Amino acid sequence: MRHVTPLGNQGMYILDTAAWRVVRPVMDKNRCVNCGICLSLCPVGSIYAEGKQILISYDYCKGCGLCAAECPKQAITMEAEVK
Amino acid sequence: MSEVKALTGNKCAALGAALCRPDLSAAYPITPQSSVVEQLADMVYSGELDARMVQVESEHSAMSVVQGAAAAGGRVFTATSAQGLALMFEPYFRMSTLRLPMVMAIATREMTSPETIWSGQQDAMSVREAGWIQCFCETNQEILDMILQGYMLTEDPRVLIPVNVCYDGFYSSHLVERVEIPSQAEADAFLPPYSLPAKLDPRTPQALDPMTPGELLMKYRRDHLESMRAALAVIDEVDAKFAAAFGRSYGGCVESYRMEGADLAIVTLGSACGAARDLVDELRAAGVRLGLVKLRFTRPFPAERVKEALAGVKGFAVVDRSVSFGWDAGPMYVETCAALGESLAGKAHFSAIGGLGGADISMAHLRETALRLAGLAAPGRAETLWLMD
Amino acid sequence: MSYIDTIKKLPQVMTPGSSACQGCGGELITRRVMQLAGNNSVFAVPPGCMAGAGVDGWSYQNGCTAPIHITLLDNTASFLSGVSEMYQRKGRGDVNIVAIAGDGATADCGFQSLSGAAERGAKMLYVCYDNEGYMNTGFQRSSTTSLGSRTSTTPAGSAINGKEQNAKYLPLIMSMHNIEYCATASPSHMMDMVGKIKRGLECSKRGFAYLHIFSPCPTGWSFRPDESIDVARRAVRSNIFPLWECERGRYYLSFDNREPITVREFVKSIGKFASLGEAELNALQASTDSRWALIKRLCER
């Protein structure tokens with residue numbers, strides 16, 4: 001077969017987008033009500049659910065800050081990335 | 001059992017396509033091709049042919065729809081001419097470079113401007129660097145037969161290059177000849193069902209044509225060129241298989257007519273070969289040792305076969321029904337010279353251009369060409385001859 | 001199940017690490033459409049931001065877990081027509097046939113093929129993420145760029161200030177093709193958007209379904225990435241981007257905007273509108289109002 005990349009041939013095209021981040025979202029679980037709005041709006045799909053808990057993964061988060069801006073409970077703050 | 005009928009070239013293309021049991025056909029009307037799709041539509045709408053028919057809004061979409069269906073694992077067909085071919089160039093180039101097999105009929109027509117709807121091979125010749133296999137037919141029987149052979153050729157795993165079956169607009173597309181039509185059972189025995197895997201299928205998820213860096217692209221291009229070369233042998237194999245099944249052989253990439261002991265040769269393609277044969281007979285009877293070399297495939301260009309066919313001649317003329325801008329010649333003349341390489345030296349030769357925009361290539365034109373050739377004293381290129389009254 | 005539960009449960013189809021810009025509306029839309037369509041789909045993503053971001057894959061790597069093809073900029077709908085016909089023929093109409101294309105590939109050079117496929121009722125879901133310009137090639141003007149917008153081919157000059165024409169309102173044109181389903185959506189109204197993607201997928205089994213989704217672009221439009229959703233919300237609330245749907249000729253308002261904000265409130269903080277003066281803003285307000293009035297009338301029972 002030509003011009004085709006079968007799935008798993010060399011895996012997925014995944015960039016290390018976490019390296020772009022200059023600020024990181026930090027979730028205050030005391031304020032978070034696990035509504036999932038941040039999860040539904042994250043462009044990168046970096047926010048996930050574990051049971052009822054909503055959690056942030058930093059693997060690919062680009063640090064856009066949409067989750068913090070849209071959180072109805074102001075439970076997420078963007079903090080400077082320290083490397 | 002075969003059935004014998006009097007048919008136009010377009011009807012032959014449609015019947016040939018139908019005998020190959022296509023999954024889908026998409027086309028847009030354009031003179032002189034339109035009756036190909038009309039007849040396919042008739043067969044689909046009457047229930048005679050079990051195929052999908054997509055009536056698109058342009059040739060660009062015609063080629064795109066068949067491309068999608070081919071990528072999803074279907075045997076597909078379309079047909080076009082001139083401006084339609086030009087409009088579909090973008091997906092046309094991509095069809096061959098995606099290595100998706102298919103057969104497309106081209107009822108060749110002159111390119112505008114000046115405004116014209118009549119015959120000429122400028123359309124097919126203009127896209128000969130788009131990676132397709134191109135064959136040119138002389139008779140209506142050959143059109144039907146080459147559609148059947150085309151599918152066997154394009155789907156061969158050594159080839160996987162789409163095939164154009166070209167024939168002269170009006171001269172072949174609209175004129176009636178005696179044609180033997182194979183039965184469906186005979187066609188089925190010759191051409192196996194489509195068996196190539198679909199490239200776009202959720203059961204085998206893959207990216208078709210991801211962004212490709214130059215190194216990889218070059219590998220694909222080299223593969224494509226190698227498959228073109230491999231196709232030369234497959235064309236002969238398919239011709240032999242077809243002869244075994246139907247008793248008709250066309251000689252593969254090149255046919256030589258009365259080239260035994262020939263001093264002079266006319267090289268041409270398409271419907272002009274009919275008149276050329278008559279002229280060869282006439283001049284042979286008059287003692288002129290003339291033969292005909294019929295170019296059946298222009299892509300891949302059968303360089304070795306052409307060189308072989310012309311090995312013994314002192315002079316040849318190539319009659320083109322199109323022009324190569326910048327060479328003051330017809331394109332097949334230029335390519336024939338290139339194929340001959342060093343063996344070109346010592347031969348007298350020239351390009352003859354005729355039959356543009358529906359003009360005739362008459363016996364008188366071909367006689368003029370042959371007699372001029374016979375009168376050339378010195379080897380080398382003589383001026384281009386325009387076959388005009 | 002709530003729309004958020006749906007999103008939580010369905011696996012991602014698109015690569016987690018794409019090169020889309022921070023706060024990209026297109027990435028969010030693409031991710032959501034792919035997730036809801038799932039792996040039993042054939043996707044076509046023509047050249048544009050999402051192709052550039054790697055959704056179609058790169059050399060030997062895949063940009064998603066489903067079969068995908070980068071169509072030509074101008075043949076996405078016709079290519080998918082062929083794919084769709086073949087899946088019908090194979091008796092596998094369950095496979096979702098989905099296009100995700102930008103506004104250039106949809107409203108400009110892809111429009112003929114789109115209109116043809118819609119007229120034929122080709123069975124597919126066609127999603128346009130409208131970021132109002134050719135963002136992947138550096139934000140040039142498209143036919144959906146809004147009046148007064150600064151782009152790299154309609155700069156804010158002293159002789160001519162931004163785009164001189166109104167945006168072509170494609171969703172209404174598409175609904176006039178008598179298609180099975182046509183709707184507008186915005187990521188700011190995610191519940192509505194998720195519902196429309198699902199409805200679009202259902203309707204694509206019977207005919208042509210079209211979704212026109214507002215896609216805020218921080219890089220091209222010049223606003224902060226964390227404002228993307230707010231910009232989209234303001235577009236809906238100012239009637240710059242009304243939300244409606246049309247099924248078999250009946251129009252429904254999805255968001256009855258009883259107290260609209262002004263266009264001036266929409267354009268604040270968006271750099272591409274920064275040089276607009278009073279007259280231009282008034283013109284934009286007037287065209288926005290007249291379109292809203294038309295949509296309202298269409299949706300009246």
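Leaving aside its neighbours within four places in sequence, with which residues is B:V165 in contact? In this predicted model, the residues that answer to that description are B:A13, B:V103, B:A105, B:C135, B:C137, B:I143, B:M146, B:I147 and B:G150.

**View 1. The surroundings of B:V165 in the largest nonpolar core.** The largest nonpolar core holds 241 residues, and those that touch the most other members are B:I147, B:V165, B:A265, C:V83 and C:V127. Helix α7 of chain B, residues 140-154, gives the most to this core, with eight residues. Because domain 1 (3-246) and domain 2 (255-386) of chain B both give residues to this core, it lies between them. In soluble globular proteins, nonpolar side chains tend to be buried together.

**View 2. The side of chain C that touches chain B.** Contacts between these two chains involve 33 residues of chain C and 36 residues of chain B. On the side of chain C that touches chain B, the elements giving two or more residues are β1 (41-44), β2 (68-69), α4 (76-89) and α6 (111-120) of chain C, and the largest share, 10 residues, comes from α4(C).

View 3. Strand β9 of chain B, residues 206-208, is joined to β2(C) by two bridges, and the two strands run parallel. Within this pairing, B:L208 has C:H69 of β2(C) as its bridge partner.

View 4. Strand β6 of chain C covers residues 208-214, and seven of its seven residues are buried, so the strand is largely enclosed by the rest of the structure. Both faces of β6(C) are covered, with C:F208, C:Y210, C:H212 and C:F214 buried on one side and C:A209, C:L211 and C:I213 buried on the other. In a regular strand the side chains alternate between the two faces of the sheet. Strand β4 of chain C, residues 124-130, runs parallel to β6(C) and is joined to it by seven bridges, and C:D130 stands opposite C:F214. Strand β5 of chain C, residues 181-185, also pairs with β6(C) in the parallel sense, here over five bridges, and C:C182 stands opposite C:Y210.

**View 5. Helix α2 of chain C and the residue that follows.** Helix α2 of chain C runs over residues 25-37, and at 1.5 Å a residue its 13 residues should span 18 Å, which agrees with the 18 Å between its end C-alpha atoms. Because 12 of the 13 residues of α2(C) are buried, the helix is largely enclosed by the rest of the structure. After the helix comes C:G38, whose phi is positive, near 80°.

View 6. Leaving aside its neighbours within four places in sequence, C:A105 is in contact with C:P46, C:P47, C:G48, C:L73, C:T76 and C:G110. Of these, C:T76 lies 29 residues away along the chain, and the C-alpha atoms of C:A105 and C:T76 are separated by 7.8 Å.

Notes: Residues numbered from 1 in each chain as written. Chains lettered and ligands numbered in written order. Predicted model: local features only at pLDDT ≥ 70, side-chain atom pairs only at ≥ 80, totals over all residues. Contact = placed C-beta atoms within 7 Å. Core = buried A, V, L, I, M, F, W, Y, C linked by C-beta atoms within 7 Å. Buried ≥ 20, exposed ≤ 12 C-beta atoms within 10 Å, placed from the backbone. Helix = DSSP H or I, 4+ residues; strand = E, 2+ residues; numbered from the N terminus. Domains from an automatic or database assignment. Expected span 1.5 Å × (residues − 1). Pairing = 2+ DSSP bridges.
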